[in-house]
Amino acid sequence: MSQAKVDRYKEQKKNRQQEIKKEKQRKVLTRVIGAVVVVAIAVWVGYSGYSVYQSNKGIETVTVNTSGITDYLNGL
């Protein structure tokens, strides 16, 4: 091997631990970002589905006849 190749190999060997550490950090960061994106999509789909369910559910109205109470209070 030529001296340039030897010097390059020594430089790569010297920085190998730092490069491995950086690569691990990149992998972890990629996984974390991927997980956040997946969770965000899941929450968005769930919220959208719930909104559609609530809008299709309809509003239930109840009427109460209070004439008996009104008559009682007027009688006092």
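I began with Arg 26, which forms a salt bridge with Glu 23 (a side-chain nitrogen of Lys or Arg within 4 Å of a carboxyl oxygen of Asp or Glu), and I noted 3.1 Å between the closest N and O atoms. The model is predicted, with pLDDT of at least 70 required for local features and 80 or more for side-chain atom pairs, while totals for chains, interfaces and linings use all residues. Residues are numbered from 1 along each chain as its sequence is written, and side-chain values use heavy atoms, leaving out hydrogens and water.

I placed both partners, Arg 26 and Glu 23, in helix α1, three residues apart, about one turn of the helix; helices are DSSP runs (H or I, at least four residues), numbered from the N terminus. Arg 26 is partly exposed because its relative accessible area is 45%, and Glu 23 counts as partly exposed at 37% (buried is under 20%, exposed over 50%, partly exposed in between, with a 1.4 Å probe and protein chains only).

I then looked up the salt bridge total, which is two. Glu 11 pairs with Lys 14 in a salt bridge, the closest N and O atoms being 3.8 Å apart, and these residues also lie in helix α1, three residues apart. Glu 11 is partly exposed at 40%, whereas Lys 14 is exposed at 57%.

Trp 44 sits in helix α1, residues 3-57, and is exposed because its relative accessibility is 59%.

Notes. Helices (H or I, at least four residues) and strands (E, at least two) are DSSP runs, numbered from the N terminus.
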